Amino acid sequence: MNQEIENAANLLKQSKHTIVLTGAGISVESGIPPFRGADGIWTQYDPITLDLDYFLQNPEISWPVLKKLFYDPYGQAKPNEAHYALARLEKQGIIKTIITQNIDNLHQQAGSQNVYEFHGALQSLKCLKCDTQYKREEVDFKPTVPRCQKDNGLLKPNFVFFSEGIPPLVATQSFAEALKANVVLVIGTTGEVMPACAIPYEAQTHGAKVIEINPNKSNYTDVITDVFLNGKATEMMTALERCLVDV
Ligand code: APR
């Protein structure tokens with residue numbers, strides 16, 4: 001493993017433009033469960049509840065799941081050492097951008113500045129009738145279905161539901177980053193959900209090297225990963241950061 005950490009550190013040192021793609025795995029050690037795998041959310045809940053059309057037709061079924069999964073635990077999770085290490089590496093200019101599939105805001109809480117939230121965020125909601133935007137703190141979550149204070153319209157979190165498009169600006173910015181990248185550091189994602197999962201492939205096709213941190217193999221590992229750091233995000237990021245000081 002030491003050799004792999006050193007290889008990854010060397011790639012990062014030589015790279016002029018390193019981007020990071022994170023998934024649910026980076027927040028597992030902050031106490032947030034992943035979606036897939038043995039302890040994943042989808043072993044207990046049906047993903048259909050987060051499908052846009054299903055939500056529109058069955059808000060009284062989807063909203064209790066949204067609250068249980070995302071809003072009840074909101075604010076309890078704190079960034080872990082992997083989030084903090086990425087924020088420090090950004091300050092040092094070693095990484096340029098984080099593209100995250102996560103909606104938990106933990107990169108920003110750790111101090112990262114340049115974060116593209118590919119799947120939106122939990123922090124705000126909008127009324128589907130009048131488009132009024134609400135901060136999470138402004139919403140009354142007590143009713144089964146939270147509603148707009150102005151016109152009683154259905155409130156929807158500003159994160160991307162299944163069968164909903166990615167916000168065009170963040171999609172364009174993220175893929176532009178992939179084209180610029182010399183190295184993509186992929187942390188804690190299975191690489192199963194389009195179009196986010198295409199970002200490392202896009203970068204690799206344009207010459208970028210791929211470093212991956214994951215305790216399990218992902219869809220990338222045997223296909224495009226150049227250096228596989230086979231372990232947890234906090235352990236691998238700590239080792240990598242330490243090694244970057246030395247190389
Ligand atoms: N450190 C790093 N990686 C970890 C850790 C850890 N401590 N624990 C688990 N992992 C890895 C798993 O091995 C798996 O590869 O994190 C990954 C989590 O995968 P998913 O649950 O599929 O999460 P993600 O890839 O982010 O899902 C993508 O799917 O449902 C949608 O919109 C949701 O953004 C999400 C998207």
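A polar contact is a pair of N or O atoms within 3.5 Å; within protein, one atom must be able to donate a hydrogen and the other to accept it, and residues adjacent in sequence count only if both atoms are side-chain atoms. By that criterion, the side chain of Asn 214 reaches the backbone nitrogen of Asn 216 at 2.9 Å. The model is predicted, with local features needing pLDDT of at least 70 and side-chain atom pairs counting only at pLDDT 80 or more, while totals for chains, interfaces and linings use all residues. Residues are numbered from 1 along each chain as its sequence is written, and side-chain values use heavy atoms, with hydrogens and water left out.

The protein chain is divided into domain 1 (1-31 + 78-119 + 166-247) and domain 2 (33-76 + 123-159), with bounds that come from an automatic or database domain assignment. Taken over C-alpha atoms, the centres of domain 1 and domain 2 are 28 Å apart, and 10 residues of domain 1 are in contact with nine residues of domain 2, contact meaning heavy atoms within 4.5 Å. Both domains give residues to the shell around the ligand, so the ligand lies between them.

That shell holds 21 residues, of which Phe 35, Arg 36, Thr 189, Thr 190 and Asn 214 come nearest; a residue is near the ligand if one of its heavy atoms lies within 4 Å of it. An oxygen atom of the ligand is 2.8 Å from a polar backbone atom of Ala 24, and a backbone N or O atom of Gly 188 lies 3.3 Å from a ligand oxygen, whereas Asn 214 places a polar side-chain atom 2.7 Å from an oxygen atom of the ligand. Of the 730 Å² that the ligand exposes when taken alone, the protein buries 92%, the areas coming from the Shrake-Rupley method with a 1.4 Å probe, with only the protein chains shown counting as cover for residues.

Asn 214 itself lies in the loop between β8 (209-213) and β9 (227-229), where strands (E, at least two residues) and helices (H or I, at least four) are DSSP runs numbered from the N terminus. Because its relative accessibility is 9%, Asn 214 counts as buried, a label that means under 20% relative accessible area, against over 50% for exposed and partly exposed in between (1.4 Å probe, protein chains only). Not counting residues up to four places away in sequence, Asn 214 touches Gly 188, Thr 189, Phe 228, Leu 229, Asn 230 and Gly 231.
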